[in-house]
Amino acid sequence: MRLDKFISQQLEISRAIASREIRAQKVTVDGEIVKDSAFKIKPEHQVEYEGNSLQQQSGPRYFMLNKPQGYVCATEDEDHPTILYFLEEPMAWKLHAAGRLDIDTTGLVLLTDDGQWSHRITSPRHHCQKTYHVTLENPLDAQATEQFKKGIELRGDKQPTKPASLEILTPTEVLLTISEGRYHQVKRMFAATGNHVVALHRQQIGDIVLDDTLEPGEYRELSREEIDSAGLPAELQRK
């Protein structure tokens, strides 16, 4: 990669400004000042800007974030703060959410710059399961478990939802596991049964469970095991 492009990405400045900083002798490669913007940097090079080390990206990145309310799952938004606010990572703007949450929904968000990996999670044909802790306005109807198991007819949709698993915790709290990602699906499913979702918190995607040590707004890298398991069908996860 050209040095000016690397500096531009790392500092989130234009290529023109990056070239100006390079000519001003503010950039070193392996301890030597480099003034040539077209200099080709290699993975083994140590690049510094004004004495501060700039890390080259060695491969795709994978994180989990405990999303709080009030933030949208986007790289930029004119009206609301985005989840990138919490990420202290180089070129965080290159990351995207593998499965978004509504602004008022909390919990597990997976972030990556690996498009193929995120597709495995979000593509309907992979049926990646997601589990939500749902708080309801009214006690759950006694027939709800069977309704969710058979599939719910949603207003405006031609097909009922795929079978979903419902675990009742209290009369107004449940764990819901679905394998689809329709628009506002969880809220619409309970609305179709005459109830209203008061709070919604995602706990799990595939085999990846939200780390209970993460406070709202905190994040961490995924383990190799988590990365390899995410979005894979159960028969492949066992191999």
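Start by selecting Glu76, Asp77, Glu78 and Asp79, which together form a negative surface patch. A patch here joins residues with over 30% relative accessible area and no salt bridge, like charges being linked within 9 Å and nonpolar side chains (Val, Leu, Ile, Met, Phe, Trp, Tyr) within 5 Å. Accessible areas come from the Shrake-Rupley method with a 1.4 Å probe, and for residues only the protein chains shown count as cover.

Before you move on, a word on the model: it is predicted, so local features need pLDDT of at least 70 and side-chain atom pairs count only at pLDDT 80 or more, while totals for chains, interfaces and linings use all residues. Residues are numbered from 1 along each chain as its sequence is written, and side-chain values use heavy atoms, leaving out hydrogens and water.

Now center on Asp77. Asp77 sits in the loop between strand 5 (62-67) and strand 6 (96-97); helices (H or I, at least four residues) and strands (E, at least two) are DSSP runs numbered from the N terminus. Is Asp77 buried or exposed, or partly exposed? Its relative accessibility is 35%, so Asp77 counts as partly exposed, the class between buried (under 20% relative accessible area) and exposed (over 50%), with a 1.4 Å probe and protein chains only.

**Zoom out**

Show the whole chain as a cartoon. Along the principal axes, the C-alpha atoms fill a box of roughly 70 × 45 × 35 Å. Of the 239 residues, 43% count as buried.

**Salt bridges**

A salt bridge is a side-chain nitrogen of Lys or Arg within 4 Å of a carboxyl oxygen of Asp or Glu. How many salt bridges does this rule give? The count comes to 14.

Select Arg20, Glu21, Lys26 and Glu50, which are linked in a network of salt bridges. Within this group, Glu21 pairs with Arg20, their closest N and O atoms being 4.0 Å apart. Glu21 is buried, at 9% relative accessible area, whereas Arg20 is partly exposed, at 48%.

Next, pick Asp102 and Lys187, whose side chains meet in a salt bridge of 3.4 Å, N to O. Asp102 lies in the loop between strand 6 and strand 7 (106-112) and Lys187 in helix 5 (residues 185-192), so the pair ties together parts that are 85 residues apart in sequence. Asp102 is partly exposed at 24% relative accessibility, and Lys187 is partly exposed at 24%.

Then go to Arg182 and Asp157, a salt bridge with its closest N and O atoms 2.9 Å apart. This pair also links distant parts of the chain: Arg182 is in the loop between strand 10 (173-178) and helix 5, and Asp157 is in the loop between helix 4 (144-150) and strand 9 (165-170), 25 residues apart. Asp157 is partly exposed, at 26% relative accessible area.

**Two loop residues with positive phi**

Turn to Gln25, in the loop between helix 2 and strand 1 (27-29). What is its phi? Phi of Gln25 is near 65 degrees, a positive value in a residue other than glycine. Gln25 is partly exposed, at 43%.

Asp30 comes next, in the loop between strand 1 and strand 2 (32-33). Asp30 also is not a glycine, and its phi is positive at about 55 degrees. Asp30 is partly exposed, with 46% relative accessible area.

**Last stops**

Select Ala16 in helix 2 (residues 15-23). Ala16 is exposed, at 57%. Its C-alpha atom is 9.7 Å from that of Ser37, 21 residues away along the chain.

Finish at His126, in the loop between helix 3 (115-122) and strand 8 (130-136). His126 counts as buried, at 17% relative accessibility.

Note on methods: Lys and Arg count as positive and Asp and Glu as negative; His and the chain ends are not counted. The place of a charge is taken as NZ of Lys, CZ of Arg, CG of Asp or CD of Glu.
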